[in-house]
Amino acid sequence: MCVLAFSAIALIACKSTETPESVSITPPPVSEGIDINLGGFAWIFEFEETARFPGYRGIFLSKDGRLLLINFPNEIGDKWEIQGNWLSLSFLQGAPELMDIPLTNNFFILVDDVEDGFPKHIRLIPEYHCDTMGISLIRGTAEVDLVGNYWLLKTLVGAEDVNWPIDTDIHMILLPGENGLSILSYGGVNRFRGSIELGDELFKVGPLASTLMNGPYLDFENYYVSGLTSVNSYIQVDFNLFLYSDTMPVVAFRAHIFD
């Protein structure tokens, strides 16, 4: 495991309006094989617990340049870009912060820890606040398979003021079959089945066939089915699954592991 020291090089890389003091510069150790491009990974803020699911916040840097936010209920990501060791983020809605630092800053990327040739632990040093230790982020990884597990609904954007079904599990299961992958789901009143296309960051639900039961939670179920059929991408972090329509968060699940 290779460790990069936070040195005078990082300080010089940050822009400042003050006259810098004369320092003796010792270059940090060079880590061969490190890909500074952080695309395709979720980056989780370590030093925080939130009451809102999933209990942490983070960002996902999609390989196509889209910025997806995890657990920022009032903000929507847009795009990200890396130039050299500098990361810039843009937003369609809001200006999120971590550690009271606006994520609209440009950030110097400091790699603290490496695993399998990729950054595992990074710090984002804001451009005009080089005296801070920066925002500490750790690379998120999936702990369970997406296919074959029982995914319990945790959040559904737009349905906060609708009555959710009581004492029942709103869930979905992805299963392989002769004609490809299929999705099985229960929305509180009816059961649904359809095709699904999975790929690298791609999650796209086809038309869903359903039972035709009537019940008190059809308003909620309509939100749920509409949400599922609108998504086109996903993030997996530990036991959690987050689904998005472009960069708009739509629905989130947590895997239920049976004994």
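Biologist: Let me start with Met-99: what is its relative accessible area, and how does that class read?

Modeller: Met-99 has a relative accessible area of 46%, so it counts as partly exposed. The cut-offs are under 20% for buried and over 50% for exposed, with partly exposed in between (1.4 Å probe, protein chains only). Before we go on: this is a predicted model, where local features need pLDDT of at least 70 and side-chain atom pairs count only at pLDDT 80 or more, while totals for chains, interfaces and linings use all residues. Residues are numbered from 1 along each chain as its sequence is written, and side-chain values use heavy atoms, with hydrogens and water left out.

Biologist: Where does Met-99 sit?

Modeller: Look in the loop between β6 and β7 (101–102). Strands (E, at least two residues) and helices (H or I, at least four) are DSSP runs, numbered from the N terminus. Met-99 also has a positive phi, near 55°, though it isn't a glycine.

Biologist: Which phi does Asn-71 have?

Modeller: Asn-71 has a positive phi too, of about 65°, and it isn't a glycine either. You'll find Asn-71 in the loop between β3 (67–70) and β4 (76–83). Asn-71 is buried, with a relative accessible area of 12%.

Biologist: And which residues does the cis peptide bond join?

Modeller: Phe-53 and Pro-54, with omega about 10°. Pro-54 belongs to the loop between β1 (41–45) and β2 (58–61).

Biologist: How should I read the order of strands in the open sheet?

Modeller: Strands of a sheet pair through backbone hydrogen bonds, either parallel or antiparallel. Here, two strands pair if DSSP finds at least two bridges between them. This open sheet has eight strands, in the order β3-β2-β1-β10-β9-β8-β5-β4, with antiparallel pairing. β3 and β4 are the edge strands, each pairing on one side only. From one strand to the next, the twist averages 30°.

Biologist: How many bridges pair β5 with β8?

Modeller: Three: strand β5 (residues 86–93) runs antiparallel to strand β8 (residues 106–115). One detail to click on is Leu-87, whose bridge partner in β8 is Phe-107.

Biologist: What makes up the largest nonpolar core?

Modeller: In soluble globular proteins, nonpolar side chains tend to be buried together. A core here is a set of buried Ala, Val, Leu, Ile, Met, Phe, Trp, Tyr and Cys residues joined through side-chain atoms within 4.5 Å. The largest one has 27 residues, and those with the most contacts inside it are Met-172, Phe-203, Tyr-224, Leu-243 and Phe-253. Several elements each supply at least two residues of this core, including β12 (171–177), β15 (203–210) and α2 (218–230). A second, separate core has 23 residues, among them Phe-45, Phe-107, Val-111 and Ile-122.

Biologist: Which residues does Met-172 touch?

Modeller: Contact means heavy atoms within 4.5 Å. Not counting residues up to four places away in sequence, Met-172 touches a list that includes Trp-151, Ile-183, Phe-203, Tyr-224, Leu-243 and Phe-253.

Key
Axes fitted to C-alpha atoms, helices over the stretch in contact; angles between N-to-C directions.
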